[in-house]
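User: I would like to go through the labels used for this model and ask what stands behind each one.

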Amino acid sequence: MADKQISLPAKLINGGIAGLIGVTCVFPIDLAKTRLQNQQNGSRLYTSMSDCLIKTIRSEGYFGMYRGAAVNLTLVTPEKAIKLAANDFFRHHLSKDGKLTLLKEMLAGCGAGTCQVIVTTPMEMLKIQLQDAGRIGKSDLMLFVLCSSAAQRKLMPETVAAGAVETKSPTAMQLTKQLLREKGIAGLYKGLGATLLRDVPFSIIYFPLFANLNHLGKRGVDGPAPFYVSFISGCLAGSTAAVAVNPVDVIKTRLQSLNRGSTEDTYSGVTDCIRKILRNEGPTAFLKGAYCRALVIAPLFGIAQVVYFLGVGEFILSFLPKKDN
């Protein structure tokens, strides 16, 4: 048990495998969340998650639901690995001086959330552009069609008319090169502050809540919890934390979106974003995509905790040759 506690390579493998499985299962819902959060009152295309997914399949095909999935599948391995391993690292060191109190559990979660933004911010930055590309094109197309006369269409911006004819989504590599060329490494870290405001509170809520829920299902005082208890605990803790920080997730999504429809607001920072959303859309706009985010995070972290507690990483490492001391 002690070896498992300090086996960093096993934790990294567990986090990576859990992330890959989870993202593959829930990515279409994550795409719906991004599009619902980004649409503003003047350019509403989707009424719900199911409406968004149906319209996406009709206009972009089945694989349209997986726009940006390659970025997530590539970067989710280090992201989840860092998050889970960092939490265990901080919990281990904070428990050396005695009992791991709730405050110490929250501090460990805070440390984990802070560490993960190194990977999360550029991953989210690229993913959001790819996921939202189809919505922007359709938004401008709808605006173009709604203009009743040819004279009105002539008065519209050229970019809108062009979008009505053709919209081509850039690749993740093209976006990365463009951001690095125009803004340097800082371009990939746009929205870092908002990402910290989302991920740190999420981890502060998620990890202590999971640990305490999982503890309730343990077999005996020192026995491990069954895998289904870990799964349910991960789902409940994940969905609770996801809904709690959803307002900040809306802000982060809006700030990280580089391209917008011709009638949509732009934002200069977190406070400007909050002010414009409250003024133009009302407080309920901060709950956009909340149930989608809960549906994404719940199985994602449920799967992660099952993989983690089953010790898949340890099983894989057991096949490697061991060094003789």
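User: Why are α4 and α10 called roughly perpendicular to each other?

Analyst: In this predicted model, the axes of helix α4 (residues 69-94) and helix α10 (residues 192-216) cross at roughly 70 degrees and come within 12 Å. Axes are lines fitted to C-alpha atoms, for helices over the stretch in contact, and angles run from 0 to 180 degrees between N-to-C directions. Angles under 35 degrees count as roughly parallel, over 145 as roughly antiparallel, 65 to 115 as roughly perpendicular and the rest as oblique. α4 and α10 are therefore roughly perpendicular.

User: Which residues make the contact of α4 with α10?

Analyst: Contact means heavy atoms within 4.5 Å. On the α4 side the residues are Lys83, Leu84, Asn87 and Arg91, and on the α10 side they are Phe202, Ser203, Phe207 and Ala211. By class there are four nonpolar, two polar and two charged residues. Here Ala, Val, Leu, Ile, Met, Phe, Trp, Tyr, Cys and Pro count as nonpolar, Asp, Glu, Lys and Arg as charged, and the others, Gly among them, as polar.

User: What makes α10 roughly antiparallel to α12?

Analyst: The axes of α10 and helix α12 (residues 246-256) cross at roughly 155 degrees and come within 9 Å. That makes α10 roughly antiparallel to α12. The contact is made by Ala194, Thr195, Leu197 and Arg198 of α10, together with Val248, Asp249, Lys252, Leu255 and Gln256 of α12. These divide into four nonpolar, two polar and three charged residues.

User: Why does Phe90 count as partly exposed?

Analyst: Buried means under 20% relative accessible area, exposed over 50%, and partly exposed in between (1.4 Å probe, protein chains only). Phe90 has 26% relative accessibility, so Phe90 counts as partly exposed. Phe90 lies in helix α4. Leaving aside neighbours within four places in sequence, Phe90 is in contact with Ala108, Gly111, Ala112 and Cys115.

User: What makes α14 largely enclosed by the rest of the structure?

Analyst: Of the 21 residues of α14, 16 are buried, so α14 is largely enclosed. For the protein, 49% of the 325 residues count as buried.

User: How do you know that the span of α14 is close to the expected one?

Analyst: The expected span of a helix is 1.5 Å times one less than its number of residues. α14 reaches 30 Å from its first C-alpha to its last, close to the 30 Å expected. For α3 (residues 49-60), with 12 residues, the span is 16 Å, close to the 16 Å expected.

User: Which residues of α3 are buried, and what do they pack against?

Analyst: The buried residues are Met49, Asp51, Cys52, Leu53 and Thr56. They pack against α2 (8-38) and α14 (290-310).

User: What counts as a helix, and how many are there?

Analyst: Helices (H or I, at least four residues) and strands (E, at least two) are DSSP runs, numbered from the N terminus. The protein has 15 helices and zero strands.

User: What should I know about the numbering and the values?

Analyst: Residues are numbered from 1 along each chain as its sequence is written, and side-chain values use heavy atoms, with hydrogens and water left out. In this predicted model local features need pLDDT of at least 70 and side-chain atom pairs count only at pLDDT 80 or more, while totals for chains, interfaces and linings use all residues.
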